[in-house]
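Please keep the structure open beside this note as you read. The points below go through it one topic after another.

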Amino acid sequence: MSATSPLVAAMRQWRHTLSKEERWCILIVADPDALAAAMALKRIMQHRVKAVDIMRVNEVTRPDNLAMIRYLHIPVKAWQPEKAASYDRFAVVDSQPHHHVSLKDIPFSLVIDHHPLPPEPYEGAQLYDVRPDVGATSSMMTRYLQGLRITPAPLLATAMLYGIRTDTAAFERSGGEDDFRAYQWLSRYADTAILRRILRSEYLREWLPLFSRAFRSLVDCRGAGAQAWLGEVSSSDLLVAVADFFTRVHGLRWIAVSGIAAKNTVVVIFRGDGSRDIGRMADACFYDVGSAGGHRRLARAEFPLSAVPEGMKPQEFVLRRLQTRKLRAITARPAAPEAGTEAAPAEKTAAAQAATADAASTARPEKAADGKSAESKPARKTVSTRRVREHPRRSTPAPDSHGGRGNADEESEREND
Ligand SMILES: [Mn+2]
């Protein structure tokens with residue numbers, strides 16, 4: 001209590017300066033934490049100003065975030081810079097002015113955030129609270145609500161709970177005492193049925209035909225595994241969403257979901273239960289045609305469509321390799337006598353990073369440690385006559401991290417912060 005009391009005092013003081021004449025705009029880079037923090041700030045300002053609008057400077061496309069806005073009735077609108085003149089004052093939460101081009105030149109009166117401090121101090125804000133040691137801005141806002149003796153309504157409490165949950169990956173990735181206590185307190189007021197509904201909003205309606213393709217094409221592979229072919233997809237994220245779905249099927253030890261993503265590239269997304277090293281399997285199946293690798297439970301391979309022999313369908317090519325390839329020895333291979341302990345670090349790195357990025361969209365992201373350690377090793381050229389490409393393709397990381405989280409939309413940049 002005492003540790004944050006000066007902050008609460010500052011907030012109280014700031015609240016006294018609010019004027020009924022002023023129209024406020026809260027700008028956010030929309031993700032669950034930002035949306036929740038904006039709702040909380042709006043609640044704190046309620047009845048003390050003429051109007052408060054919440055505006056987002058990015059698009060929202062993730063199904064769970066769309067569900068959050070919809071079920072919690074969050075009044076967020078797209079920011080239109082030409083309307084800036086209709087506001088007297090601006091606030092930003094869960095971001096700082098230097099984070100986004102649309103925020104850069106706006107004179108903010110209030111900044112509350114938990115991302116790292118800016119390179120140069122921000123001048124001009126009446127209330128400035130940036131604490132990188134906190135797991136979520138929603139946790140900071142919870143402390144303010146408590147200090148101001150505001151009991152959050154169920155929808156606000158649910159939003160903040162979801163904000164904390166998302167930013168900390170349910171306390172698996174980050175989150176300290178402040179976040180934990182905030183979470184406990186908010187839980188008393190939140191609507192758990194709505195929270196569950198949001199958590200379960202993993203798919204968009206327009207993705208359903210892909211699932212139908214996945215079920216129709218599903219074939220068993222090497223005993224307890226399976227593969228599904230989705231054909232052309234607009235983004236490899238969709239392959240990730242479908243592959244993640246299959247991890248819920250008990251008895252399926254691993255799944256490979258593949259399709260043709262942009263630019264004639266075949267992408268194979270692997271998910272496993274950990275009973276076998278799926279990263280090594282991805283490597284074994286596709287190392288010689290593109291980039292392939294990952295971790296024990298997550299992996300990814302990418303190769304150009306041109307690597308598929310003439311007269312063979314890409315799905316046959318993928319299946320044949322999945323069924324017949326043997327794992328490569330982890331120790332030195334004849335073609336590369338200087339080999340370290342890992343096979344083909346260069347390829348592994350790109351694919352492992354991509355696999356890690358994919359994982360950001362799942363509830364339990366794997367650590368990036370493997371990818372990083374591979375990165376630190378010198379890249380070794382693989383001598384192979386079958387190689388199509390000398391250099392591993394850098395696959396685009398999946399946008400969805402809540403944090404982490406796809407960047408055509410809100411998550412793309414920061415979903416996982
Ligand atoms: Mn945040």
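1. In this predicted model, the secondary structure of the chain comes to 14 helices and 14 strands. Of its 417 residues, 46% count as buried.

2. Before going into detail, please look at the confidence of the prediction: the average pLDDT of the chain is 82, and 78% of the residues score at least 70. Residues 332-348 have a pLDDT below 50, although in the model this stretch has 40 contacts beyond near neighbours in sequence. The pLDDT is also below 50 over residues 361-417, a stretch with 153 contacts beyond near neighbours in sequence. Where pLDDT is low, the predicted coordinates should not be read in detail.

3. Strand β4, which covers residues 89-93, has 4 of its 5 residues buried, so it is largely enclosed by the rest of the structure. Strand β1 (residues 23-28) pairs with β4 in the parallel sense over 4 bridges, and Leu-27 stands opposite Val-92 in β4. Strand β5 (residues 108-113) is likewise joined to β4 by 4 bridges and runs parallel to it; here Ala-91 has Leu-110 in β5 as its bridge partner.

4. Which order do the strands of the open sheet of 6 strands follow? The order is β7-β8-β9-β10-β12-β11, and the pairing is mixed. Since β7 (219-221) and β11 (291-294) stand at the edges with a single partner strand each, one side of each is left without a neighbour in the sheet. On average, and with direction ignored, neighbouring strands of this sheet are turned by 20° against each other.

5. Within this sheet, strand β8 (residues 225-232) and strand β9 (residues 254-261) run parallel and are joined by 6 bridges, and the bridge partner of Glu-232 is Ile-260 in β9. Helix α10 (residues 278-286) packs on the sheet, where it touches β9, β10 (265-272), β11 and β12 (298-304), and its direction makes about 165° with that of β11. Helix α11 (residues 314-324) packs on the sheet as well, touching β7, β8, β9 and β10, with its direction at about 160° to that of β8.

6. Helix α9, spanning residues 236-246, is mostly covered, with 9 of its 11 residues buried. Among the buried residues of α9 are Ser-236, Asp-237 and Asp-244, together with Leu-238, Leu-239 and Val-240, and Ala-241, Val-242 and Ala-243 of this helix are buried too.

Note on methods:
Residues are numbered from 1 along each chain as its sequence is written. This is a predicted model: local features need pLDDT of at least 70, side-chain atom pairs count only at pLDDT 80 or more; totals for chains, interfaces and linings use all residues. pLDDT is the predictor's confidence in each residue, from 0 to 100. Two residues are in contact if their C-beta atoms, placed from the backbone, lie within 7 Å. Helices (H or I, at least four residues) and strands (E, at least two) are DSSP runs, numbered from the N terminus. A residue is buried if 20 or more other C-beta atoms lie within 10 Å of its own, exposed if 12 or fewer, and partly exposed in between; C-beta atoms are placed from the backbone. Two strands pair if DSSP finds at least two bridges between them. Axes are lines fitted to C-alpha atoms, for helices over the stretch in contact, and angles run from 0 to 180 degrees between N-to-C directions.
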